[in-house]
Amino acid sequence: MATRAFQRLPTAPAGRILALRLVAIAVSLCIIAGVLALSGHSPAMLAELILRSTLGSRFGLEDLMLFMCPLLLTGAAVTVCGTIGLWNIGAEGQFYAGAIAATGVALGLHGPVLVVLPLMTIAGILGGMAWITVPTLARAYAGVNEIITTLLLNFIASLLTYYLTTGPWRDRISGAQVSTQRLSVSMPEMWGIVHWGFPVAIMIVVGLALVLSRTRWGYEIRMGGANPEAARYAGIPVRLRIISVMLLSGGLAGLAGMFEVAGTVHRLQGGMANNFGYLGIVVAVLARGSCLNVIPAALLMALILDSGIVMQTQQLSASVILAITGLILFMIAIGDELAHYRPVATTPAKGKA
Amino acid sequence: MTVSGSRGRLLTTRREMLGLAGGAGSSLLLPRHARAQAQPAWRRPLAESDAIVAFGHTGPITDGGWSMVHDRGVQAVRRTFPKLRTIYVESVPYSADATRLFRQFVAEGAQMVMATSEYGDFIKDVSDRAPDVAFMECDGTNVTGNLGWYYVAHWYASYIIGIVAALMTKTNKIGFLGAFPIPSVYASANATLLGAQSVNPAITLQSITINAWFDPQAATQAATALADNGCDFLCGIMDEPAYLRVALQRGLKAAMWNTGMLDYGPQAYVSSVCLDFNDYYISQVRNLLAGTWQPEGHFLTLGHGVDRDAWGPTVPPEAAARADDMRTRMLAGHNPFVGPIYDNHGRLRVPAGTALSDLEIYHSDWAVAGVSGLE
């Protein structure tokens, strides 16, 4: 008699993953709705309000795009690093470094926007790259685990930002706390409060996907990630590729910081990274190593974050929101794992009981 | 988190909620010129049952300090206007998330948004795009067509407490805890030290800024460092009472901020700069409902929203009497912040014969001579 069993496969088809993720989200939403109903909230009304305040109104869409902009870039930063098998946990620090460098340019240079803004962009990218340089070289030449080095530099970057914004660069015009003065140049707005950084970030993500899948460099990166020994044997300069990918990753996160300074916050501020660097890791995990998937992953993350804000105004506390976010991501992780299993019909082999 | 009041009946019917969201969309979607011509909603009288007032707090309302005091104000508004809806959000981050929250308040139909801490551009950017909504920012600086600020003139109470500090310290060193080097912290440290120096010019004040308003662990560490450095009187601006416990353990004296904290450590407790926003919030909401609200800057003055707490049991009666004498004179209009006042780089900031106005103190960005740890 045939019995049903499940077999774990090393890869899972994208369709199955998508389907199981939708199931996972549906299950977690049911759990959340149940808990909310038990605590005296109306899940239906909350759901409707959330949909209206995010996808269902122009104001909500603007907020979503503004949320997505840094998430796209930090998500891409972690994803490209992951392609060669490395974890950049330091997007938060590189974000700050990019923001600091861009602010330095804006504070020090006074000129037309068309000159200052591109210089800020370059400075932001270089700032992010500079922040990942030491972990990069340590990884490439000494084999030092990049997870630890990039992570620890986050705290230094954050404290450096606090130092600058409460010390030498502090706002002496309006006395705003932990801030530089408002920068004289800003990213032009495209649609409501959405600045041009958003389409640029989308283009960068799409461009990266093309580079990784269509160019020789991208192939070598993927090779290096899949099997470093084989890549080396095939003559790929893995060390150089590690250096270039990590610098690119830092540059992307730095650019996210520059966009946030120039487009959204308009000042350098302590705490301004808003965990976008760490959330970039979540986005990259959701994207499962594909740059194109970073776009829907960033959208999902932005939706979750934005829904959290809507729910807070409905008197749900920030801790509840955090728990809800965790539950959704936890369920998605289970869904991803389940997608690797395939039902197989097994018949007992002849000669055995 | 349980709070009595309008939670749960915030959006009572489905239709009502759709109305709110729809109204939100339109106010943000209207072209700028059309919005400029229309008269702002807050210039017209408003029925209590139609009004929504939203509060954004910087910390948790259970912080035992700043946000708790503001939440008392929210509760007072709820008691006074039972049909009015109030929304509040705790722990609003000082980041672009604050902008998102304030925008969401607008989207949900709030006619008045109160930020109970400084949010600078994060609130101004929202108010500029929502001229139909009245905005107020505690410790703000901007006054626009629909945004005003309010704050407590706490420096008078700090000065009074400084007098007692001078009469109680044995090491002549006052320890001060602040979050960031910003005007309110300068004003508090300066006033405390000027009050102390009015008794004993040899007294100095050592300050530590811990980069957070609410971080009991960092405050404890900083207070311990100040005690190690010989400070035997602690004071400061923190949203919670952690450093009082340090004072208690180390046998020091401490003056607090926000609210009376005698119960946390009676042996160490001297007094507190007590804040009360209840009447102010009620008056603002009353003005909103009457259609008479105006965007302006407003100080809550000594005896009207800010005062020293009753003196702790270990304060010598003669010290209390001397400080209260100054308090009586202040209540009659006396300004003790008169020159000559030098800053801690030796520069003459206030010449003899001139006095600092409340607005000047509110914008302080320098520390008086004798302050260390604040540039």
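In strand β10 of chain B, Tyr269(B) is the bridge partner of Ala254(B). Strands and helices here are DSSP runs, numbered from the N terminus: a strand (E) has at least two residues, a helix (H or I) at least four. Two strands pair if DSSP finds at least two bridges between them. This is a predicted model, in which local features need pLDDT of at least 70, side-chain atom pairs count only at pLDDT 80 or more, and totals for chains, interfaces and linings use all residues. Residues are numbered from 1 along each chain as its sequence is written, while chains are lettered from A and ligands numbered from 1 in the order in which they are written.

**The sheet of chain B**

- β9(B) (residues 253-258) and β10(B) (residues 269-275) pair in the parallel sense over five bridges. Ala255(B) stands opposite Ser271(B) in β10(B).
- All six residues of β9(B) are buried, so the rest of the structure largely encloses this strand. A residue is buried if 20 or more other C-beta atoms lie within 10 Å of its own, exposed if 12 or fewer, and partly exposed in between; C-beta atoms are placed from the backbone.
- β8(B) and β9(B) run parallel and are joined by two bridges. Leu234(B) stands opposite Ala254(B) in β9(B).
- From β8(B) the chain crosses through helix α9 (residues 242-250) of chain B to β9(B), in a right-handed β-α-β crossover. Right-handed means that, with the strands pointing away from the viewer, the path from the first strand over the helix to the second runs clockwise.
- β6(B) (residues 173-178) is mostly covered, with five of its six residues buried.
- Six bridges link β6(B) to the parallel strand β7(B) (residues 204-209). Lys173(B) has Thr204(B) as its bridge partner in β7(B).
- Leu177(B) stands opposite Gly236(B) in β8(B).
- The strand order in chain B is β12-β10-β9-β8-β6-β7-β15, an open sheet of seven strands with mixed pairing. Its edge strands, β12 (306-308) and β15 (371-372) of chain B, each pair on one side only.

**Domains of chain B**

- Chain B is divided into domain 1 (14-152) and domain 2 (155-274 + 307-372). The bounds come from an automatic or database domain assignment.
- The centres of domain 1 and domain 2 of chain B, taken over C-alpha atoms, are 33 Å apart.
- Eleven residues from domain 1 of chain B and ten residues from domain 2 of chain B take part in the contact. Two residues are in contact if their C-beta atoms, placed from the backbone, lie within 7 Å.
- Helix α3 (residues 66-80) of chain B gives the largest share of the domain 1 side, four residues.
- That side of domain 1 of chain B has four nonpolar, five polar and two charged residues. Ala, Val, Leu, Ile, Met, Phe, Trp, Tyr, Cys and Pro count as nonpolar, Asp, Glu, Lys and Arg as charged, and the others, Gly among them, as polar.

**Where the chains meet**

- 41 residues of chain B are in contact with 37 residues of chain A.
- On the chain B side, α1 (14-29), β2 (85-89), α4 (96-107) and α5 (120-129) are the elements that give two or more residues. α4(B) gives the most, eight residues.
- By class, this side of chain B has 21 nonpolar, ten polar and ten charged residues.

**Chain A overall**

- Chain A has 13 helices and four strands.
- Of its 353 residues, 49% count as buried.
- The C-alpha atoms of chain A fill a box of roughly 85 × 65 × 30 Å along the principal axes.

**Backbone exceptions**

- Most residues other than glycine have a negative phi, and most peptide bonds are trans.
- Asn274(A), not a glycine, has a positive phi of about 55°. Asn274(A) lies in the loop between α10 (238-265) and α11 (276-287) of chain A. Asn274(A) is buried, with 22 other C-beta atoms within 10 Å.
- Asn172(B) also has a positive phi, about 60°, although it is not a glycine. Asn172(B) sits in the loop between α6 (155-168) and β6 of chain B. With 17 other C-beta atoms within 10 Å, Asn172(B) is partly exposed.
- Gly339(B) and Pro340(B) are joined by a cis peptide bond, with omega about 0°. Pro340(B) is found in the loop between α11 (317-331) and β13 (341-342) of chain B.
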